[in-house]
Amino acid sequence: MLFSQRKKLKVTLLHLFVLCSAQHSAQPETRQVNGIVGTFFYFPERVLNSGSLLYGDLGNIAQVHPGKQSNTNLEKRFKNRLHWNNVTGVFTLSDLQIDDSGVYTVENTDEGKTKHTFQLTVYYVLSKPQVTVHDNISCSVVCSVENGREVTLSWYKGVEILNQTSSPDHNITLSIPLKVDEQNRDSYRCEATNPVSKETAVVPHSCIKSDPFKVTDGDERTRDCLIIAIICVLVASGLVGLAMYLKKRRNGHSHADSPEREQDDVQYAEITHIKPAENQEERTGIQGPESLRDNPNVTVYYTLQLHHMPASEDVDTA
């Protein structure tokens, strides 16, 4: 009797276990799918003759009836955005919004009843991160990007992750500072990612001022201006030096020519000793040698002038 009761209890427990297992296996498996704001999403399960599309606690948001008829305007928030293709049997949700994220179930009653559940998550496409130079001397930079659902911001050097950040607050801006080795500047990159997009930015060229092999446009313009200024100074100095040299040379010629001109102005007369005639001193008034010796104030030049002056008596005689 006791053995029979135990046997019945074992059978009952076995039936319960099988029933629970069957119910658990009947639960639809949820598939994780992603969507992008402003695009379309195609639910990858078909309803050809009859079935429905359910969303979260709202229940049916689209209904397919036999005879290829459908009603996709059951819910106002999906009006004109939810469609069913009577050829492919696929539901499509267009112009996705962030709040379209949730659990969707495609229920097919064509042959029996099957359910396929999807966890849809809608994301924004990431904007490109911005890398700004914080300090040119040390080449310190900051990478930033607008935050959003599951956004991660990272600094890489080659394939190595140097730093990474994220935040559940979608209303902030993510940012990461970094000091860059200028010699390996090209190996750095800042990368923003989410499940549907990835954007990358590099270190700007303004962070390589101290690199002698790379010159920015501003540095090149400054260098050209400096070269032009130096050339102008050299040319001006040369012109001033040439002018001073020519002036000095001209003054030298002037001094050298002065004695010659003075010598050209001097006329030398040949002195001829002529014996004076009798009474010459009385006629001409020219003193004889004896008189010259007796009068030291009378010079040769004075005597020559008297010699060339015609006597008044001679003129009258003529």
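This short report walks through the salt bridges of the structure above.

The model is predicted, so local features need pLDDT of at least 70 and side-chain atom pairs count only at pLDDT 80 or more, while totals for chains, interfaces and linings use all residues. Residues are numbered from 1 along each chain as its sequence is written, and side-chain values use heavy atoms, with hydrogens and water left out.

Let's begin with the total: there are seven salt bridges, each being a side-chain nitrogen of Lys or Arg within 4 Å of a carboxyl oxygen of Asp or Glu. Three of them are listed here, including the pair Glu45 and Arg31.

| Pair | Closest N to O |
|---|---|
| Glu45 and Arg31 | 3.3 Å |
| Asp100 and Arg77 | 3.5 Å |

Glu45 belongs to strand β2 (residues 41-46) and Arg31 to strand β1 (residues 30-36), so their bridge ties together parts 14 residues apart in sequence. Strands here are DSSP runs of E with at least two residues, numbered from the N terminus. Arg31 is partly exposed, at 37% relative accessibility; buried means under 20% relative accessible area, exposed over 50%, and partly exposed in between (1.4 Å probe, protein chains only).

Now for Asp100 and Arg77. Asp100 is buried at 1% relative accessible area, whereas Arg77 is partly exposed at 32%. Their bridge links distant parts of the chain, 23 residues apart: Asp100 sits in the loop between β7 (90-93) and β8 (102-108), and Arg77 in the loop between β5 (69-71) and β6 (82-84).

In the remaining pair of the table, Lys115 is partly exposed at 42% and Glu107 is buried at 14%. Elsewhere, salt bridges with shared partners join Arg77, Arg81, Asp99 and Asp100 into one network.

Technical notes
Helix = DSSP H or I, 4+ residues; strand = E, 2+ residues; numbered from the N terminus.
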